[in-house]
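Take them one at a time and find each residue as you go.

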Amino acid sequence: MTIILGVALGRHFGLRAAWLPEVVRWWHARLCRALGVHMQVTGELVPNALLVANHVSWLDIPVLGSQARIDFLSKSDIKAWPLIGWMAEIVGTLFIVRGANQTDVLIPEIGERVQRGRHVVIFPEGTTTDGSRLHRFHPRLLAAGQLEGVLIQPVALRYGSNPAPDPVVPFIGNDVLLSHLMRLARHPGLQVHIRVLPPLDGSALSRRHISEYCRHSIGEALGLETVDARSPPADQKAAQQPVSSTTPFVETT
């Protein structure tokens, strides 16, 4: 709160806090450590990537946010949450209103942030799951991955140390944030495996092919069936983009 209030006050006087993204990353990491989250990370984050991830819980945000300077696209409901919504807005979260047809506004904004070297995470399922399945990936906002200078990188999140997904982490149904947070605080040895998958150049692909490719890649990494997904056709030049400069993720406890 102290940090965010300082940033908000500075903005009132026209000052920008260039250090804010690193502080936000530090805060995410501190929250994960406070909750006893142990992270196992496979793969590397590439520059100029739009990250496409499956969605299990609000915990996905600090888990991913602790790994790099990352912005998130969130449903507008979060903006109305007391305190948290205001904080999310201050740190640069993008919000989308269901059914408001904001695509024409958000796609250029997402692309511009990624082209400037930031990473933006999209949860294309549009809702959370219990980790045992994937919903359909909505392709509309993945059009940002068709823009010049933007790569697409799927990220698979799996909570738990057993073959079955962790039953406590999912934030679904009528869950309330505070009670869910307390359940996590009482949940010892919480583990998450973050699998960062190879990037894709989507400039020659349709949004649907991008969506299906990401869903198939994430489903395969999680061991989930995605029979309606398919890889992009070779004749559309959808080869994975080789990138020499990468940002390694660091395993965090």
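1. Let's begin with a word you'll meet a lot: a residue is buried when its relative accessible area is under 20%, exposed when it is over 50%, and partly exposed in between (1.4 Å probe, protein chains only). Asn48 counts as partly exposed because its relative accessibility is 26%. Have a look at its backbone too: phi of Asn48 is near 55 degrees, a positive value in a residue other than glycine. You'll find Asn48 in the loop between strand 2 (44-45) and strand 3 (49-53).

2. A bit of housekeeping. This is a predicted model, where local features need pLDDT of at least 70 and side-chain atom pairs count only at pLDDT 80 or more, while totals for chains, interfaces and linings use all residues. Residues are numbered from 1 along each chain as its sequence is written, and side-chain values use heavy atoms, leaving out hydrogens and water.

3. Now the overall picture. The chain has seven helices and nine strands; these are DSSP runs numbered from the N terminus, with helices being H or I of at least four residues and strands being E of at least two. Of the 253 residues in the chain, 47% are buried.

4. How do parts of the sequence meet? Take contacts (heavy atoms within 4.5 Å). Among those between residues at least 6 apart in sequence, 75% join residues at least 24 apart.

5. Which residues does Ser211 touch, not counting those up to four places away in sequence? They are Phe137, His138, Pro139 and Leu142. Ser211 itself sits in helix 7 (residues 207-222), and it counts as buried because its relative accessibility is 5%.

6. Leaving aside neighbours within four places in sequence, Val97 is in contact with Ser76 and Gln102.

7. On to salt bridges, meaning a side-chain nitrogen of Lys or Arg within 4 Å of a carboxyl oxygen of Asp or Glu. By this rule the count is seven. One of them joins the side chains of Arg113 and Asp71 (3.0 Å, N to O). That pair links distant parts of the chain, since Arg113 is in helix 5 and Asp71 in strand 4 (residues 70-75), 42 residues apart. Arg113 is buried, at 11% relative accessible area, and Asp71 is buried too, at 4%.

8. Asp71 also has a salt bridge with Arg118 (2.6 Å, N to O). Arg118 lies in the loop between helix 5 and strand 6 and Asp71 in strand 4, so the pair ties together parts 47 residues apart in sequence. Both Arg118 and Asp71 are buried. Which residues belong to the network of salt bridges? Asp71, Glu109, Arg113 and Arg118 are linked in it.

9. Here's another salt bridge to find: Arg116 with Glu112 (2.5 Å, N to O). Arg116 counts as exposed because its relative accessibility is 53%, while Glu112, at 32%, is partly exposed.

10. Last, the surface patches, made of residues with over 30% relative accessible area and no salt bridge; like charges are joined within 9 Å, and nonpolar side chains (Val, Leu, Ile, Met, Phe, Trp, Tyr) within 5 Å. Met1, Leu5, Leu83, Ile84 and Trp86 make a nonpolar patch of about 440 Å². Met1 is in the segment before helix 1 (2-12), and at 45% relative accessibility it counts as partly exposed.

Note on methods
Areas by Shrake-Rupley, 256 points an atom, 1.4 Å probe, with all protein chains shown as cover.
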